[in-house]
Structures are given as structure tokens and as C-alpha cells.
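These are notes for a colleague who is about to look over the coordinates. Please read the points with the structure open beside them.

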Amino acid sequence: MKLFVDMHGREYEVDLIERAGQRELRVDGKVVDLDFREADTLGQFIVMMDGQSYGLSIEGDTHETHVTLAGHSYAVHMEDDRERAANLAAKEAAGGGGPVEAVMPGIVVEVLVEEGQAVEEGTPLLILEAMKMQNEIKAPGPGSVAEVRVSAGQTVAGGAVLMVLKGED
Amino acid sequence: MFKRILIANRGEIALRVIRTAREMGVECVAVYSDVDDCALHTRMAHVAVPLHGVTPAESYLDMDKILKAAAETGAEAIHPGYGFLSENAEFARRVKAAGLAWIGPPAEAITVMGDKIESRRAMAKANVPCVPGLTDPVDDVAAAVKDAEGIGYPIAIKAAAGGGGKGIRIVRDPSEMESAFRQASGEAVSAFGDGRLYLERYIDNPRHVEIQVMCDSHGNRVHLFERECSIQRRHQKLVEEAPCCVLTDQMRQDMGEVALRAAEHVNYEGAGTVEFLWEKGEFFFLEMNTRLQVEHPVTEMITGVDLVREQLLVAAGEKLSITQDELKIHGHAIEVRINAEDATQGYLPSVGILHNLRAPGGPWVRLDTAMYRHMEVGLTYDPMLGKLIVWGPDRISAIERMKRAIAEMNVGGVRTSMPAALTVLEHPRFVSGDIDTHFLESLTIEPPKEHDILVAAACAIYRHNKAKRSAMDPEASSREEWKERGRRERSGYARRLMERGGQV
């Protein structure tokens, strides 16, 4: 199995082959000798590598995981060949526009644009309040507002689509 | 001393008060909202009273419900903690009118210090140095632009009723005034119900240094030295320490005396904090927080004084147990706030269930938190889950101890601010003491590359094992969900027991 593993913009290629209970692991082509044990069913793992022992916490699914190691937090994204191709195709289809999602759960304080309005990169689209702080959500690129899906006063979940932008042709 | 007190708060600060009260033989009444029916403060108190409701307004901010709970349980005093009703003068007055003791300063002191404009006027009178600015609120954007000319840019727009960094906007150019004014006003209305704003000079590279004071009703006043709280983001503190590594003994004494003068001028009683902006040896009054503060433990660690104990003594009409001459700084203490936010993603709020907790330990490590396994972290209340505090004989050993403690800790289920704190503690500028209030915002929080190969390899095995398990046993994941639900339902046991009048 070949995997593309991305953490904070740093990408690694991991090859994992399992044959008759023997596991062979390569990261960027280099063989890694690693002993991996589950300490509990809650996400604690013990990893031995190069004679050193590490306690890791891993949580998440087969695509997005979060790792805590010695107090630092790693946001890890994984995809295999097939998933990578599918994700790239989806990105391409959206062009410069696409949905504007709520990066956090909160309350819409004010919608600052109307459907059909042209926007530049950085045009404030709406104000979202979370944890009593107001945040301006800005247009990621030039285009126009195709659809506004929320109104002032509305509570939105993290990841909810707030509006849809149409990219510049 | 009181036999029984009510704590009008939740989370770690409710536990903090309960702990000292228990040590003093004082019984505690906890109040709780529907969301908090399994929270630790409801389990650790002697009596727990449901307030019902979910939002703060329906529960911890509802004065009628809290006063009713106090009357029904025979509590003799109310401790407000921090946040919620702690700086609400009307509540302080109503507590006293109900014949109860208020574990906090007189209502008049809260009123004066709680209003940024009033407090500046009072402090100018008491000869306490203030930041250049206006003492009157501005009416609109046009007036703000005009007044800003007189004060000089950069300008800070602040909410008159503000606190905790809410409603503050910085303006560096007149063209930014309109949008900043609108946002500040909106935030002020939503957070405090009062949209009045005022302007003052924004000091570019200040340190935030604050003095802890403690006063009783017999005219005794002491200061317990300073706390340095320059590591903050959007005016929310993240790392606090005591003492401040750039203060000389003389400066410390001067600031302490100014802080006591401020307290005396408003006839202060109880625990309070006088906050200053400090730049190149000059200091300016920022505000006074008329309550126990989140970061009070660092002061406790270097002085050996239990501030909650002193608060209870003062509220009961007794004298402070300490004098200024007895107070000495012993070693160095650091606190890190554990907030539910993803420091690596622009500090976005993070929600989830704390399915996996591991607390740090060892010598001189203190963890003040109300976290428990399977607690649900939502958006209803403040994102602060707790505080990690360490002590060391000097600043460098305290930094090393904190790094060690953070590495031991794990808060599984949500992202936290811990990686940001660790990045600060590892930074050469922090270690050398060269910091200001912008330092944290200048940092990009990213894990070090050192262990990338290990993390990448471990994640690949994790994915492989997970995929293999679900291929062999497709029902396993739904079974996990079922178990999770069972655990949550069982944790309601404590609540039901208490509702029947039993104790846990």
C-alpha cells in the first residue's frame, strides 16, 4: 500500500507491505524499522524506533488523524493513489470558486454581500461570531457570489456551507 | 468563619474554591446548568443545586435562581469565581441585601473599576499613571476620527464595559476606523449589552505586568508582587509567570505601592489585580480586575499564600493572615492555560468528547482543571479547560519543568492550546525574557520536523490496522458507538443520586 502523508504542508510517501505477518515500511524510499503497539483502545500507542521509545496519541479516521507527541500536535492527512486522483479531480471541477464553509461553529452576525455581487480576493463576505469574538470571513479569490445560504442571527455548525462563490472564468 | 458557602460558577474555578473551603471546614453548595449535570464541581461540592437552562443567561448569570439556591441551602456567603457574575455590582448588592456575605470587593469598587472611563478618572485622581487617551466615550465614527488626531495613532478602541479583550480593536490609520468601530461596537453590544466605546493611545510593544493586591475590612492592605502576562493573543492570556524577569526590586516596590494606592482610593476589599502596561521601565494603569484571576496560582506558588483562603477570611470580617513584611518571593512559577482550540489552525475553537486524558505529575506540578474522561467540550461556555502550573527555584528550571509536564500531558478528543504554549517555552526569545504582548501572535504554531518520519510511519500503520479491522469486522464501529453511549448514560448516575438528596 502506498500512501501520501501530509502534515502541515510537509509531504511524505509511505510504502507499507505486509506479507505473512511480516511488515515492511518505507518512508520516502528509506526502510524504517518500527515497533508499533496499542497501549489501550482509546488512542494511546507505544512506538519503538532506532532504540528509542515514544508515547503517541493518535485519533481520527483513515484520512484525517491527529497525533500528539511530546506535547506537539500534528494534523495529518492521508490519501492513497486512488483517493489522491479523486481529490484532485474534485478540486479542478470547482475552478476558482466553490463553497465558503464555516471554519468553526458560531453565529452569523451580519452578511455583507448579496447574491450576484462581484468580489475581489479579501472582500469581507460575512461576520461570524464564535466564543464571543467576531471574525470577518473573506473571499479567498476574485469572482462573484452565486448563492448565500445563511442569514444574520443564524447558528451554523463547523463545516457548514455559508455561501457559494463562482470563480472568475 | 462561614459554615456553608455557595459557589456561583463552574469549571476549574469552582473546584479551586471548593478545595480551599473543604480544607477550612467550610461546606460548599454548587449550582449547575443542564449541560453541567455531570460536571466535577457538582460532584465535589457538599450540595449541588440544579439551575436548569443551558445558556449562561439561563443558568450561571441568573441572579434570581442563584439567590434562591443560596436561600434554600442555607449558604451564608457567595463566591462568584471569575467571569459570569464576578464583576457585576448589582449582583454584589443583591447578595448583601439578601443578608449574605459577598466574597468579593464592595459593589462601589466594582462599579468604578468595571467602567473603563470611570476608572481612568478615579485613577488620575489617585495619582496612578494612565495611558494617554480620552475619559469620555465617543459617539460615532466621525467623532472617533477627530478625537484620534488629538491622541495620536495607533489608537485602541475599547468597550467602556469591557474586559477579557472583547470589543477591542486597534486602528493604525484613519481609513481603518469605520470597520474597526463597527466591529468593536457590535462585539461590545453582544458581550456586555453596552456599545459605548472609548479611545486611547495604543502602546506598541508593551509587556503586561499586573500586581496582585489583597485588602481586608480593617484597613490592612498587602500586594503579593507581580505576574507577567505578556504571552497573549487577542488579549487572551496563554502563559503567565511570576515574578517578571525584567523588574528590579525598586520597580517592583513602586508598582506595588501604586497598586495599593489604586485599591485604597476605591476602598477595596478582598482579592484584586491592578493591570499595567509596562514599556522600558515606564508603567501605565490599564484596568483593575475586581475578582480572583485565572492566573492567581502563580502568585500562590511563589508566595505560599492561599488566595482563596484570604478571600474567605476577609469576607467573614476577619483580618488578613499575612503582612507586607512577611511576604517574600520564593523561586519562579509558570502557568499555561489549556484552551479547547486548535493552535495549529489559527486557534479555531475545538469541540469534542475528552475520550482520553493523561495528567502530568511529579514534583512541583499543579493541575487545576475540571476535565474528566468523557466530558463533552461544547461551545456553550468558555473554552478554557484548565491550567497547568509549575514551580522551580529559578526561571530556567521552571521553564524546563513546564516543558516536561506538557510533554507528559494528553488531552484526547479536542485540540488544545498546549502546542502553542510549548512553542513559546522552547523559543529563545522567551527563554531570554525578551517578550511583549505581540510575541505570541508573531509565532506560527507548527510541530517540529524532527519526528516527522516517525509520525508519518505510525499514521500509516494506524490506517492500515483500522482498515484491516473494519474489513474483518464491519460491525465493530457501530458497536463502539453503542458502548460510548452507554458510558455517557451511566455518568448520569451521580446526578440522579444527588437529585434524591444523597451525596457522592
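1. The area buried between chain B and chain A is about 5,400 Å², and carbon and sulfur atoms give 63% of that figure; buried area here is the accessible area (1.4 Å probe) that two parts lose on being put together, summed over both. On the side of chain B, B:Leu454, B:Tyr462 and B:Arg463 supply 14% of the area that this chain buries against chain A, more than any other three residues. Counting contact as heavy atoms within 4.5 Å, 56 residues of chain B and 63 residues of chain A take part.

2. A word on provenance: this is a predicted model, in which local features need pLDDT of at least 70 and side-chain atom pairs count only at pLDDT 80 or more, whereas totals for chains, interfaces and linings use all residues. Residues are numbered from 1 along each chain as its sequence is written, chains are lettered from A and ligands numbered from 1 in the order in which they are written, and side-chain values use heavy atoms, with hydrogens and water left out.

3. Between chain B and chain A there are 7 salt bridges, a salt bridge being a side-chain nitrogen of Lys or Arg within 4 Å of a carboxyl oxygen of Asp or Glu. B:Arg463 takes part in a salt bridge with A:Glu83 (3.2 Å, N to O), and B:Arg463 also forms one with A:Asp80, where the closest N and O atoms are 3.4 Å apart. The latter pair crosses between chains, from strand S9 (residues 72–80) of chain A to helix H15 of chain B, helices (H or I, at least four residues) and strands (E, at least two) being DSSP runs numbered from the N terminus. Both A:Asp80 and B:Arg463 are buried, in the sense of under 20% relative accessible area, with exposed meaning over 50% and partly exposed in between (1.4 Å probe, protein chains only).

4. Within chain B, B:Glu241 and B:Arg395 meet through their side chains in a salt bridge (2.8 Å, N to O), which links B:Glu241 in strand S11 (residues 236–242) with B:Arg395 in helix H12, 154 residues apart. B:Glu241 is buried at a relative accessible area of 2%, and B:Arg395, at 11%, also counts as buried. A further salt bridge joins B:Arg207 and B:Glu228 (3.0 Å, N to O); B:Arg207 lies in strand S9 (residues 207–215) and B:Glu228 in strand S10 (residues 221–233) of chain B, so the pair ties together parts that are 21 residues apart in sequence.

5. The sheet of chain B with the order S3-S2-S1-S4-S5 is open, has 5 strands and is paired in parallel, where two strands pair if DSSP finds at least two bridges between them. Strand S3 (47–50) and strand S5 (101–102) stand at its edges with a single partner strand each, so one side of each is left without a neighbour in the sheet. Strand S1 (residues 4–7) and strand S4 (residues 77–79) of chain B are joined by 3 bridges, and B:Ile5 has B:Ala77 as its bridge partner in S4(B).

6. Helix H10 (residues 296–303) of chain B has 7 of its 8 residues buried, so it is largely enclosed by the rest of the structure. Among the buried residues of H10(B) are B:His296, B:Glu300 and B:Ile302, and the helix is followed by B:Gly304, whose phi is positive, near 75°.
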